[in-house]
Amino acid sequence: MAEEMLKAMAQSIVEGNADAAANLARQAVEAGMNPLEAITKGYMAGVNEVGDSYACGNVFLPELVMAGEAMKAAVAVLEPELKKQGASRETLGRVVLATVEGDIHEIGKSLVGTMLTAAGFEVYDLGVNVPADAIIAKAEEVGANIVGLSALLTTTMIRQREVIETMDRMGLRKRTRVIVGGAPVTKDWAQRIEADGYSEDAVGAVNVAKQLVKG
Ligand code: B1M
């Protein structure tokens with residue numbers, strides 16, 4: 001049953017069917033399925049399939065857009081369930097989160113934000129396509145413990161370095177640590193740009209953030 005539902009979730013993304021994706025998410029919540037498992041084992045399998053087909057030239061931008069919309073519809077249903085897990089915890093720290101300038105991929109970044117909120121962090125999600133100076137200004141304004149930078153394009157990863165270098169020049173790195181992530185981002189890249197933390201997924205990002213605020 002769960003296996004079938006996970007397959008149907010992936011298929012709803014492949015078909016770019018936002019209604020089906022959201023309906024399956026509602027059914028999963030009613031059935032008591034772990035919302036994170038639904039995302040990672042169900043919907044993300046579909047997103048990866050569409051991404052691979054796009055890279056091979058078998059599908060085009062409209063399919064990518066529809067897959068993104070379907071994924072967003074599913075996550076919107078599952079997000080409150082994810083957040084409930086951390087509803088009564090005290091604040092672990094303040095995180096300013098953004099997808100870097102030039103990049104409009106928002107789903108993974110938002111998922112990281114949801115998981116951080118669920119874990120007890122106070123998250124300021126600035127959205128997508130956010131310039132370095134806006135990220136840094138917000139971090140200073142709220143006294144952020146952590147800045148989280150998402151990049152989904154090989155052409156925008158460089159913006160993560162720009163934020164880190166600017167924060168270095170401003171002497172902000174002792175108080176505010178930087179975590180980077182996103183599909184093309186690797187541990188090696190994170191080390192090269194001297195980020196304080198890296199994770200390949202949202203659960204890992206929470207663990208890294210917890211380690212960093214411990215000091
Ligand atoms: Co685009 N896109 N896209 N896209 N897109 C990719 C990223 C791509 C890999 C597809 C491909 O070719 N296989 C490719 C990038 C290639 C490259 O750079 N080498 C690509 C391209 C080329 C493009 C355009 C350039 C296409 C065009 O216009 N010709 C264009 C760029 C627009 C721009 O940003 N300027 C574009 C546009 C779009 C849409 C708008 C249509 C849509 C996004 C919709 C939206 O976000 N609202 C879209 C989508 C949906 C994708 C794919 C299919 C899926 C991305 C996604 O949402 N994944 C993607 C292919 C793929 O990734 N397989 C692709 C689900 C999400 C939950 O995972 O975002 O990876 P992800 O987040 C994960 C981890 O990466 C990690 O945790 C998350 C949860 O586990 N993580 C972090 C993310 N951020 C983190 C931060 C952290 C820690 C972990 O710490 C702070």
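Predicted model: local features only at pLDDT ≥ 70, side-chain atom pairs only at ≥ 80, totals over all residues.
Trainee: What limits apply here?
Mentor: Local features need pLDDT of at least 70, side-chain atom pairs count only at pLDDT 80 or more, and totals for chains, interfaces and linings use all residues. Numbering starts from 1 along each chain as its sequence is written, and side-chain values use heavy atoms, with hydrogens and water left out.

Trainee: What makes His105 a donor to the cobalt atom of the ligand?
Mentor: Donors are N, O and S atoms within 2.8 Å of the metal (3.2 Å for Na, K and Ca). NE2 of His105 is 2.2 Å away, so this atom qualifies. His105 is the single donor from the protein. Water is not among the atoms, so the site may look incomplete.

Trainee: Where is His105 placed?
Mentor: In the loop between strand 1 and helix 5. Helices (H or I, at least four residues) and strands (E, at least two) are DSSP runs, numbered from the N terminus.

Trainee: Which residues touch the most other members of the largest nonpolar core?
Mentor: Met9 and Tyr43, among 41 residues. Such a core joins buried (under 20% relative accessible area; exposed is over 50%, partly exposed in between; 1.4 Å probe, protein chains only) Ala, Val, Leu, Ile, Met, Phe, Trp, Tyr and Cys residues through side-chain atoms within 4.5 Å. Helix 4 gives the most, with nine residues.
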